Amino acid sequence: MPKVLRRIVGLALRHRLLVAGAIGSSLLAAIAGLTLPKLYGHAVDQAQHLIVHGALGGEAARQALVTSAVLVAVTAATRGVLTGLSGFLAEACSQKVAYELRLQFFRQLQRLSFSFHDRMHSGELITRGMLDLEATRGFIQGGMMQSLTLLLLIVSSATLMVATDARMAALALAFVPIAGFALTRMGMLLRLAWLKVQQTMSALTLTIEENLQGVRVVRAFAGKAFEMAKFDKAADETLLESFKRIKLRLRASATMNLSFYGSMALLLWYGGHQVIAHRITVGRLTEFLTYMTMLQAPIRQITLIVSAASRTTSSGGRLFEILDLQPIIFDPPAAKPLVSKPGGVRFEDVDFAYEPGKPVLRGISFQVGPGQTLGIVGPPGSGKSTIANLIPRFYDVTSGRITINDQDVRSVTLASLRTHVGLVQQDAFLFDETVRSNVAYADPVAEDERVHESARAAQIHDYIEDLPLGYGSRVGERGVALSGGQRQRMSIARGLTPRPGVLVFDDSTAAVDGVTERKVREAIAAVGATRTVVIISHRLSALMHADEILVLSEGRIAERGTHASLVKLGGVYSELYALQSRSTAVTSSALARA
């Protein structure tokens, strides 16, 4: 808990001028507030003197009373202005820290490896980057900046009371040990409570996000009742944990208020007897009661500060847990940019496992040079997409090595490697931007002709031209305005625009009809005349033209060769070709009869 708070304080102290201004204004406001009890007590004694002595007090006493009233008004106004200034500066400081943390968090999400994103749900990350970050920011404004002022008020008030009358001070401060125990207990329990609240909020966010992303599936399968029940359960858990937190805070507040007003009652009883016995004046009793009244607001604020600190330690801990992670895939110290030269892609006895002891690839070796095309086919789970992800180094091999242009991909910078490798995936994710922004995503400054050329190669240019705004048309969230085949062709165009040295197509025409696929394949063949091309597909028609075809089975290369040699071999590839050929023939016959 102290470690997290120290770190947050350190972030705030980067903005020294704002912190100094906020604390200075707050301290001056506290000093102004500390003079009020003396002024009140003096004014009461002056009023009592006028009442007792009447006209004997004369005009001088009345003038003194007016002067005291003016001083009280000026002091209170000064205190209010300084308090407002302190709050403004504290808010400015906290917002600057929040801005920096948001940038750090988003930058960290870009740095962290795919293996992290594979196991961490995006709803959880959104909660940490928004709710947890906001709770961390709130402590700077509502906790850190107020603590010093409250400490000054309490210590100064206690010191002045002790210096004035030790017995009355002891009665007035009798609540402190009880309040301290209640605060300590509340802080420890609240930290655990807030941690559970944040965890349930993450589950709630996850449920909402999944429902929004899968809203068509929910409607298609009439899953509204099921989704409502799931959301209700998550919301109910969040509510129960919130109630536990509220109960803890209310119990602590009740204990502190009861002990505080008990001390005030004792002070009134003892002070009243002292006034009756003429040992102290009414003004002196008023002074003590004013000190007590001044302590009432800080005592309540302390409860809020402890609550905020408890929330911040749980939320800040969750936030810093992400910020402190080190990516598994990173540039080595001596990394150099990938040199663009003839060489192609080579796998040398590559093994890979997502989890230790569960290999996905075993002994994979192949080479595909510039101007050549490699085809990869195999059943689901055979490791096809894993090969596609290893080429741009989204993961590191378990053993063996991968080279591009005779350079180990682990020895070059990630930026240069991923600029050189263009990966077109089956899941054609599109941003809610214009068509041009999506096609030119890898090279935003690409000239229009290059963008149009890529779209033509992907057989999507004519469709784009027919849109109301052409390349300026928005595609909607995740490309909802387009069909599955259109999204895939848009993704292919995006992969072609930066003109990478290595093109990897991971089942990127699965949603495209056969005629369009053939046109896309011919265009890619023309584009890839000087590039290294790797095509992964379950359709053999997309691979037949490849210089070499790999047939994967359980992470190993079961067969390899050209289309003709593999068909002649009579193995797995031949059976698959025969099956797809019969299916195509049956479909064509049915269409002809129709």
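Helices (H or I, at least four residues) and strands (E, at least two) are DSSP runs, numbered from the N terminus. The structure described with these elements is a predicted model, in which local features need pLDDT of at least 70 and side-chain atom pairs count only at pLDDT 80 or more, while totals for chains, interfaces and linings use all residues. Residues are numbered from 1 along each chain as its sequence is written, and side-chain values use heavy atoms, with hydrogens and water left out.

## Cavities

A cavity is, on a 1 Å grid over the protein atoms alone, a set of points where a 1.4 Å probe fits but cannot get out, and its lining residues have an atom within 4 Å of a point. Grid points are joined across faces, edges and corners, and a volume is the space filled by probe spheres set on the points. The structure holds 2 cavities of 30 Å³ or more. For the classes in the table, Ala, Val, Leu, Ile, Met, Phe, Trp, Tyr, Cys and Pro count as nonpolar, Asp, Glu, Lys and Arg as charged, and the others, Gly among them, as polar.

| Cavity | Volume | Lining residues by class |
|---|---|---|
| Largest | about 110 Å³ | 6 nonpolar, 3 polar, 3 charged |

The lining of the largest cavity consists of Phe505, Asp507, Ser508, Thr509, Glu517, Val520, Arg521, Ile524, Ile535, Ile536, Ser537 and Ala542.

## Nonpolar cores

In soluble globular proteins, nonpolar side chains tend to be buried together. A nonpolar core is here a set of buried Ala, Val, Leu, Ile, Met, Phe, Trp, Tyr and Cys residues joined through side-chain atoms within 4.5 Å, where buried means under 20% relative accessible area, exposed over 50%, and partly exposed in between (1.4 Å probe, protein chains only). The largest such core has 35 residues, and Val435, Met490, Ile492 and Phe505 touch the most other members. At least two residues of this core come from each of α13 (435–439), α14 (448–457), α16 (484–496), β7 (502–506), α17 (514–527), β8 (532–536) and β9 (548–553), and the largest share, 4 residues, is that of α16. Another core, of 32 residues, lies apart from it and includes Phe352, Val397, Val409 and Val412.

Contact means heavy atoms within 4.5 Å. Not counting residues up to four places away in sequence, Val435 touches Ile464, Leu467, Gly470, Tyr471, Ser473, Val475 and Met490.

Ala457 has its place in helix α14 and, at 11% relative accessibility, counts as buried. Residues up to four places away in sequence aside, Ala457 touches Leu496, Val520 and Ala523. The C-alpha atoms of Ala457 and Ser416, which are 41 residues apart along the chain, are separated by 25 Å.

His461 belongs to helix α15 (residues 461–465) and counts as buried at 10% relative accessibility. Leaving aside neighbours within four places in sequence, His461 is in contact with His452, Ala455, Arg456 and Tyr471.

## Helix α1

In helix α1 (residues 2–12), the buried residues are Val4, Leu5, Ile8, Leu11 and Ala12. Seen down the axis of α1, these residues fall within an arc of 115°, so they line one face of the helix; the arc is that of the directions from the helix axis to the C-beta atoms. Pro2, Lys3 and Arg6 are exposed on the other side of α1.

## Loop residues

Most residues other than glycine have a negative phi. Asp406, in the loop between β4 (399–404) and β5 (407–408), has a positive phi near 65° and counts as partly exposed at 47% relative accessibility. Arg499, in the loop between α16 and β7, likewise has a positive phi, near 55°, and is partly exposed at 41% relative accessibility.

A further loop, between α9 (224–276) and α10 (282–323), holds Ala277, which is partly exposed with a relative accessible area of 37%. The C-alpha atoms of Ala277 and Ala92, 185 residues apart along the chain, are separated by 53 Å.

Note on methods
On a 1 Å grid over the protein atoms alone, a cavity is a set of points where a 1.4 Å probe fits but cannot get out, and a pocket is an open set with protein on both sides within 12 Å along at least five of seven lines; lining residues have an atom within 4 Å of a point.
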